[in-house]
Amino acid sequence: MGCGPEVDADVVIVGGGAAGLSLAHALTLPGARRELSVAVVETPRRALRPGDRTWCFWQAGPPDHPEAEAASWARLRIRGRDGGVVDAELGALRYRMLRSDAFEASVRSRLAGLPGVRLVAATAETVGDTPGGAEAVCIGADGRRIAVRGRHLFDSRPLPALPPARTVLLQHFRGWFVRTSRNAFDPDVVELMDFRVPQPAHGLAFGYVLPLGPSEALVEYTEFSRAPLTRDAYTAALEHYTRDLLRLGPFEVRAAESGVIPMTDARHPRRAGAHVHLIGAAGGATRPSTGYTFSAVQRQTRAVAAALRDGRAPRLPAPHRRRALAMDAVVLRALDTGRIDGPRFFTDLFRKVPAERVLRFLDGTTSLWEDLLVGCATPVAPMLRTVAELPFLPRNAAPAAPRETRPDEPDDDPAAGR
């Protein structure tokens, strides 16, 4: 293998997905006290990069990336197993949907025009500390070695295996982007959880509808359970949901997406060395009880960028507060043991608590008093039993993290992010 060039920068970012590009974007916004040079390492190997996908989150105020936003909504709807409907207004919040391809293309285009930024097309083989900094040893598309060095390195690549945990569930899903022959959707309302779908023996399942217009939507079938389904099983579930429950009539499937998101009470390290930091899902940004990741990524990367731009050492904040993670651990265990009925749990939560408060709770921005109010809306006896049990449960080694696949690969083992 031949020797290639060396790249030096103040900050090295390994991985060009949501976390890596969000950090690069935040580091290079105008107005910094000090200018930083940034190197972003992104693999050119298509099989190692995730396919195009959607990221959903809720946010007050104007969008941060309007060029990548596919749609946004001010209302949510939950459907119970009996078909009962809970309609929820979001107040100051908006539920937003970004397309990863549009976000990544926009950020990459902006970064490519900045003199202090290097976009390195290479696959990181090893990452570690060096005297006074850190280094990513990479292999370029031509097979040559590239050493990318910086004072600080942020690694956003997926973990090879999840940290030990007491509970691990998978949120796995497959969705179709559909166009119907008639107006079949309410463009103002997200069907966040539709529990009318058949429920699995273990865990829970729901439909999820993100309308993009009166006759267009992303329609997904989602499960929280211990193992993904086969592609044929997802297809059968989606056919039942679109035909028998949504009653869409004739429609065209224009694209598809699928994913597997670990939902775990594992303790994710945020540092892999003195100068090597883990960000994104690898650093624990995924909310254990929901699988949402994008909002926590934004909070984390903005905090890091603010410190570095002010000339301070980067302090990588915990993506979620300890109190929130403790409550999530209880919910996961209660779901995994079957002590609580998943569809009833989530339906009652939105029925009893204002949706804006539920969403702020899931973002970890509620007060202790509000957290207690949310807790009172859950089944108290099984939750208290779980609280008493958790301290005595061992944290066991978890399986390998889900492998990300491309849209044109066979996806019996689908993977991506939400």
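Predicted model: local features only at pLDDT ≥ 70, side-chain atom pairs only at ≥ 80, totals over all residues.
**Entry 1: α1 against α4**

I started with helix α1, residues 18-27, and helix α4, residues 294-309. Their axes lie 8 Å apart, and the two helices pack at an angle of about 35°. I noted the crossing of α1 and α4 as right-handed.

Next I looked up who touches whom. On the α1 side I listed Ala18, Ala19, Ser22, Leu23, Ala26 and Leu27. They meet Phe294, Val297, Gln298, Thr301, Val304, Ala305, Leu308 and Arg309 of α4. Sorted by class, the residues of this contact come out as 10 nonpolar, three polar and one charged.

**Entry 2: the second largest pocket**

I then turned to the second largest pocket, with a volume of about 710 Å³. Its lining counts 39 residues, and Met327, Val331, Phe345, Phe361 and Thr378 are the closest to the centre.

Which elements supply at least two residues each to this lining? I found strands β12 (189-194) and β13 (204-213), plus helices α5 (322-337), α6 (342-352), α7 (355-362), α8 (368-376) and α9 (380-389). The lining of this pocket splits into 29 nonpolar, five polar and five charged residues.

The largest cavity holds about 70 Å³ of space. Of the 14 residues lining this cavity, Tyr292, Thr293, Ser295, Ala296 and Asp363 sit closest to its centre.

Strand β3 (54-60) and helix α4 are the elements that give two or more residues to that lining. Helix α4 gives the most, with four residues. By class I have the cavity lining down as eight nonpolar, three polar and three charged residues.

**Entry 3: Val330**

Is Val330 buried or exposed? Its relative accessibility is 9%, and the cut-off for buried is under 20%, so Val330 counts as buried.

I also checked what surrounds this side of the helix. Setting aside neighbours within four places in sequence, Val330 is in contact with Met383, Thr386, Val387 and Leu390. I looked up Glu389 as well: Val330 and Glu389 are 59 residues apart in sequence, yet their C-alpha atoms are 9.3 Å apart in space.

Technical notes:
Residues numbered from 1 in each chain as written. Heavy atoms only, no water. Axes fitted to C-alpha atoms, helices over the stretch in contact; angles between N-to-C directions. Left-handed = near helix turned anticlockwise from the far one by under 90°. Contact = heavy atoms within 4.5 Å. Nonpolar A, V, L, I, M, F, W, Y, C, P; charged D, E, K, R; others polar. 1 Å grid on protein atoms, 1.4 Å probe; cavity = no way out; pocket = protein on both sides within 12 Å on 5 of 7 lines; lining within 4 Å. Points joined across faces, edges and corners; volume = space filled by probe spheres on them. Buried < 20%, exposed > 50% of the residue type's maximum accessible area, 1.4 Å probe, protein only.
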